[in-house]
Number of protein chains: 6
Amino acid sequence: MFSVCVRDHFMIAHSFRGDVFGPAQRPHGATFVVDVEFRRSTLDADGIVVDIGRAGEALRAALAELNFRNLDEVPAFRGRNTTTEFLAQVVFDRMAEAIGRGDLGASGREVESLRVTLHESHIAWAAFEGPVPRES
Amino acid sequence: MFSVCVRDHFMIAHSFRGDVFGPAQRPHGATFVVDVEFRRSTLDADGIVVDIGRAGEALRAALAELNFRNLDEVPAFRGRNTTTEFLAQVVFDRMAEAIGRGDLGASGREVESLRVTLHESHIAWAAFEGPVPRES
Amino acid sequence: MFSVCVRDHFMIAHSFRGDVFGPAQRPHGATFVVDVEFRRSTLDADGIVVDIGRAGEALRAALAELNFRNLDEVPAFRGRNTTTEFLAQVVFDRMAEAIGRGDLGASGREVESLRVTLHESHIAWAAFEGPVPRES
Amino acid sequence: MFSVCVRDHFMIAHSFRGDVFGPAQRPHGATFVVDVEFRRSTLDADGIVVDIGRAGEALRAALAELNFRNLDEVPAFRGRNTTTEFLAQVVFDRMAEAIGRGDLGASGREVESLRVTLHESHIAWAAFEGPVPRES
Amino acid sequence: MFSVCVRDHFMIAHSFRGDVFGPAQRPHGATFVVDVEFRRSTLDADGIVVDIGRAGEALRAALAELNFRNLDEVPAFRGRNTTTEFLAQVVFDRMAEAIGRGDLGASGREVESLRVTLHESHIAWAAFEGPVPRES
Amino acid sequence: MFSVCVRDHFMIAHSFRGDVFGPAQRPHGATFVVDVEFRRSTLDADGIVVDIGRAGEALRAALAELNFRNLDEVPAFRGRNTTTEFLAQVVFDRMAEAIGRGDLGASGREVESLRVTLHESHIAWAAFEGPVPRES
């Protein structure tokens, strides 16, 4: 199995609801350093997993909608805690959609699975991984 | 699959028995920077894999018994080489026990597997991973 | 010259005023990983620059007032942009005060200068450094 | 499952053929920081996955043939794009051969799978992983 | 003293002349991860050392002329060994020129000194630092 | 001012005397990841600060006497606490001696100052820096 991974980041404000979060129930924020790993069993004719330039652009586009936002005010997240693990899945879904739309080109369509990791500090990170959904 | 990971460290003395260890047969020591990754298929109602505060405390407690010790004098390790990979399993077992005791709360009981990584330097690390044992 | 450095972090929300900040004028946030370097010309009788345990506690205390806050609502920062470089000086001032109060013990009082670095992402950081002010 | 990982690096020149590579079609180069993870289900009698000293030497030997080379002039790579993911497989194959030859000793022969990661910058890496081929 | 630092990278081929370089006399290459630290004594009215967005763009522009090049073929470097320390000064000079041209805006003109660090691997880096030259 | 830095590591056991050390008074150990920065105002005729190959060998030799040792049993350290900051000076002194002996070659003799940093964990490091003593 081959992998290629690209890194970028975004910076947001948010707050959590639930006693489990303690002081993180207050409005605060985070820098998330994001790694997106693209996996497939074989390389394409160019010898790559995915066009790394397009992969980086697709990640930047996916994060641009989140970057410099207060996530408490994003309608799509209403009623949800935008935890690091939840946001890892959000980025996963957006990257899977980008692949489906062809934003990563022909090689991107052969990507079998993704792993998205969000580093929230030097001592904590969260991830979401799974197969790339295929349209029927 | 979702993951959450927390990091801490401990500092120990030890020595190894066996020609394969060369100069590491002499009394020496190590700093181990420890990553514990908690994995489960779904998030709980709060949107988390595990209470990260409790996870960090459980890891701190697990490492406290090892920290600032000469492992050659710990009865539980008598006759064993406390290699990095062996210690990764020791930390795994302690974290699994903490989950079983409920130290990580209700969300912690839903953790399906763990990966424990011990970084011994900037050029070497070891890990142990597996499912969290369930009581019968 | 000897140095000892300890690391911790805090997570905040804020926004900036001024065209230079572009989209960072919107409410957003950051994780700041903080390094505080303590410098002095000689070691004390115990062979240390500063009691590293107390240094870590003093840093934790200094950051606790900022952690999990919306800095736009902190009275002390009214009318100021809480940029990374500005916050580096804030942490510097608090650590200098802690030294002055004796929170770092007798060895701490011999610290001559500090350098405080705030990492805001994997590609950007800011710092403030200078001598520790002495009371007259 | 246990893992042990060792790190080393190599520095090469190369160029790529194919429009997808844009300016990377020009002669350029890279530093690759290489992590090789060795995996097996059980530890040997010494309590190790593999002799870490021998593992490091085998990796150094595998990289020595590539280090300080223009890969465009290496006959074995003629007609291939020496992308990061391709080179991850090259290092994988060489480490698997080293295991097969017994370069990692008896414990090395029990290694079940390998994961080879090549970091090409602070924002991109590639990997190849799979079972260690067994001779019939 | 305040500092702000931004990071980027470039990938080049080159070779060295001189016995001291051993196998690095052969055509090879490197990834250089570049940190540029901007220093000044006071913050501007916006509370910044320099417009970090412009700083990043100026660095990208400075590296673009080097990126994906064989430095042995760059006329400006004829007869010079493009060592890591030499290239640190090259990037320093280009950033100082960008400041002089006003590419970093008004706040950039107040930058007093720069430190440019080029990381060539996980075990080696080089730097050049000094005051920003002022036009007479 | 130019700098070149090389990294290596060593692993030791030790204990401390003095109430300030708390549980670190017990026999324990550490991995120290060591950075040695060599500084000089000008490059030599080859375009380097120092022969990086020789610098790495000199560092390896300096650390070899400490590596895999119980520092409590090293005669030279009798009655001293081998703290991280103390050991930074020990490595500094050994590197300065290596320069004085000519182990780093002719270019090494032009090194003006050194900074030695010992990373003891992901959250703490210590350093010693100063001019390279010149023989009279």
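Reader: In which helix of chain F does Arg94(F) lie?

Author: Arg94(F) lies in helix H2 of chain F, residues 84–101. Helices here are DSSP runs of H or I with at least four residues, strands are E runs of at least two, and both are numbered from the N terminus. The model is predicted: local features need pLDDT of at least 70 and side-chain atom pairs pLDDT 80 or more, while totals for chains, interfaces and linings use all residues, and side-chain values use heavy atoms, without hydrogens and water. Residues are numbered from 1 along each chain as its sequence is written, and chains are lettered from A and ligands numbered from 1 in the order in which they are written.

Reader: Which residues is Arg94(F) in contact with, leaving aside its neighbours within four places in sequence?

Author: Contact means heavy atoms within 4.5 Å. With neighbours within four places set aside, Arg94(F) is in contact with Ala62(F), Glu65(F), Leu66(F) and Phe77(F).

Reader: On to chain C. Why are H1(C) and H2(C) called oblique?

Author: Two packed helices are described by the angle between their axes and the distance between the axes. Axes are lines fitted to C-alpha atoms, for helices over the stretch in contact, and angles run from 0 to 180 degrees between N-to-C directions. H1(C), residues 52–64, and H2(C), residues 84–101, pack at about 130°, with their axes 10 Å apart. Under 35 degrees is roughly parallel, over 145 roughly antiparallel, 65 to 115 roughly perpendicular, and the rest oblique. H1(C) and H2(C) are therefore oblique to each other.

Reader: What is the hand of the crossing of H1(C) and H2(C)?

Author: Right-handed. A crossing gets that label if the near helix is turned clockwise from the far one, and is left-handed if turned anticlockwise, by less than a right angle.

Reader: Which residues in H1(C) and H2(C) meet?

Author: From H1(C), Ala55(C), Ala58(C), Leu59(C), Ala62(C) and Leu63(C). They meet Val91(C), Arg94(C), Met95(C) and Ala98(C) of H2(C). By class, this contact has eight nonpolar residues, no polar ones and one charged. Nonpolar covers Ala, Val, Leu, Ile, Met, Phe, Trp, Tyr, Cys and Pro; charged covers Asp, Glu, Lys and Arg; the others, Gly among them, are polar.

Reader: At what angle do H1 and H2 of chain D cross?

Author: At roughly 130°, and the axes of H1(D) (residues 52–64) and H2(D) (residues 84–101) come within 10 Å. That makes H1(D) oblique to H2(D). H1(D) passes H2(D) in a right-handed crossing. The contact residues divide into eight nonpolar, no polar and one charged.

Reader: And at what angle do H1 and H2 of chain E pack?

Author: About 130°, with axes 10 Å apart. H1(E) is therefore oblique to H2(E). The crossing of H1(E) and H2(E) is right-handed.

Reader: What area is buried between chain D and chain B?

Author: About 1,400 Å², of which carbon and sulfur atoms give 53%. Buried area is the accessible area (1.4 Å probe) that two parts lose on being put together, summed over both. Met1(D), Phe2(D) and Asp46(D) lose the most area on the chain D side, together 34% of what that side buries. Chain D puts 16 residues into the contact and chain B 19 residues.

Reader: How do you know which surface the copies meet through?

Author: 100% of the interface residues of chain A are also interface residues in chain C, so the copies meet through the same surface. The area buried between chain A and chain C is about 1,900 Å², 62% of it from carbon and sulfur atoms. Arg26(A), Phe68(A) and His122(A) supply 31% of the area that chain A buries against chain C, more than any other three residues.

Reader: How far apart are the nearest C-alpha atoms of chain B and chain C?

Author: They are 12 Å apart, and the two chains do not touch. Chain A and chain E do not touch either, with their nearest C-alpha atoms 12 Å apart.
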